[in-house]
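Start with the view below.

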Amino acid sequence: MNKGQFFLGIIVASMIGGIIALAGASYLSKQNSATNFTDKQNTSLVNWLSDDKFIVPEGINFVASAEQVTPAVVHVKSSVTVAQQQRGMDPLEELFGFRQPDRRGAPRQGQSSGSGVIISEDGYIVTNNHVIENATKVDISLSDNTRYTARVIGTDPTTDLALLKVEAKGLPYVKFGDSDQVKVGEWVLAVGNPFDLTSTVTAGIISAKARNIGILRDLENNLQIESFLQTDAVVNPGNSGGALVNLKGELIGINTAIASRTGTFNGYAFAVPTSIVKKVMDDLLEYGTVQRGILGVTIRNVNPELEEELNKTLGVSRGVYVSGVNDGSGGAEAGLKEGDIIVGIDGVETESVARLQEMVARKRPGDKVEVAYLRNGKETKVKATLKNISGDTKIIRKELPKRATFEGIIFEDVKDDLKNRLSISGGASIISINNEEWRKSGAKVGFIITSVIGSDGRYRISGAEDLNNVLADNKGEEVVILGVYPSGQEYYFEVKIK
């Protein structure tokens, strides 16, 4: 059966909305002494069975692993504002230049769901990027029905991963395992919330490793990383972001995609291995964005089709063919040339493009890797310094948007990509509302305030702090709040500032 007979799809739990967050970058640096999840897990108060104490029961027994993992796999529900059919404008709307929808035209909240895995006792959660992408609000439900609102610490579309945070302590979490040590044929469990059936556990085996199925193709700069663990454990819509664990209850992958003709499970599912997950989560925790080290070469799998295209015999049946080398890249500086066949990175065999990408994706700009390659049948090893997309070795830090709080409402600066999409120069997003009068007036989470009209005129809002100052200056007055939803629908409401 050829690939064209399969519909390869990500299990989409949610795909639109805005970003939820409850603290800035300074909070992370001050509140978290650990800068990676190995430290966080090792210093946790939660006791987990260590390798030397774990004993696999006689025969096949999934009970211990399921009982250990299930409490730490959460239900992720993402909300998005959906625009409704609009009606004609009244004179007040024409004056403001904004539309106030009636009940039939008011924005409504759409919702979809997926899964997530708690990876530290203080509330950090890993999920898929496509589960929370553009969400205006992210709600987390534990297996005991405890609920939280999460903020998004960071996302990485190139690996389809995201890091969330809830404000809690002493939570159950899943310990990272070593996906490099996973063997084909090994028993595994998939834990998640398929079809909104919470805390569902299925069993299967690892069917293959380092699978590239082309679901992340065409991303910007072609930096997508696909080196999935393949399993026959049953995974369905809603499992996205859930846990793939071994019999010790260790996390070895994040369930992400299925191969299916129908959109439901047809026998194979795919998970991002923890070799990638842990590095991405550590980067998002420490820097707010993923640090991607690049070798700077264009690569293809060695196979008979490539030999036929090149009209020559390559002399090996597996490996990674270098079809181009970027000027000034780490690969070029190390001496790699078109026609070389890379067979190893840091002593690990790179039998495919997916395996090479996985090995390099574990590194950051400035890191050195040992590259083993064949040229004219002779193997050579060189050290190459990885660079970032800009061609240097700098580490990039991404600051979280600034926030302000006024009368129980938390506002946040609008992110640049959202401003560009909506063609606005500034504004402040409503992140949370703990004010009944604002709720009754029509304020909703995700709404972007761009202007405030008070007794002294109209104020253009540049950001959260600016809005806070404008509202403080209008205390005791009735003001008109104007803005736009992430969907692009304009809206306004009136509220009295106390």
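**Charged pairs, buried and partly exposed**

At 19% relative accessibility, arginine 403 counts as buried, because buried means under 20%. The model is a predicted one. Arginine 403 meets glutamate 412 in a salt bridge, with 2.8 Å from N to O. Glutamate 412 is buried too, at a relative accessible area of 3%.

Side chains of opposite charge can pair when their charged atoms come close. The whole structure holds 19 salt bridges.

Another of them joins arginine 292 and aspartate 156, whose closest N and O atoms lie 3.5 Å apart. This pair links distant parts of the chain, 136 residues apart. Arginine 292 sits in the loop between helix H6 (274-287) and strand S14 (297-301), while aspartate 156 belongs to strand S6. Both residues are buried.

Now look at glutamate 349 and arginine 318. Their salt bridge has its closest N and O atoms 3.3 Å apart. Glutamate 349 lies in strand S17 (residues 348-349), and arginine 318 is in the loop between helix H7 (304-310) and strand S15 (320-325). Glutamate 349 is partly exposed, at 46% relative accessible area. Arginine 318 is partly exposed as well, at 49%.

Salt bridges also form a network, which links Asp180, Arg355, Glu358 and Arg362.

Which side chain of opposite charge is nearest to aspartate 160? It is arginine 292, 12 Å away. Aspartate 160 is buried and has no salt bridge. Its place is the loop between strand S6 (147-156) and strand S7 (161-165). The side chain of aspartate 160 does make a polar contact of 2.7 Å with that of histidine 130.

Terms used: Residues are numbered from 1 along each chain as its sequence is written. This is a predicted model: local features need pLDDT of at least 70, side-chain atom pairs count only at pLDDT 80 or more; totals for chains, interfaces and linings use all residues. Side-chain values use heavy atoms; hydrogens and water are left out. Helices (H or I, at least four residues) and strands (E, at least two) are DSSP runs, numbered from the N terminus. Buried means under 20% relative accessible area, exposed over 50%, partly exposed in between (1.4 Å probe, protein chains only). Lys and Arg count as positive and Asp and Glu as negative; His and the chain ends are not counted. A salt bridge is a side-chain nitrogen of Lys or Arg within 4 Å of a carboxyl oxygen of Asp or Glu. A polar contact is a pair of N or O atoms within 3.5 Å; within protein, one must be able to donate a hydrogen and the other to accept it, and residues adjacent in sequence count only if both atoms are side-chain atoms.
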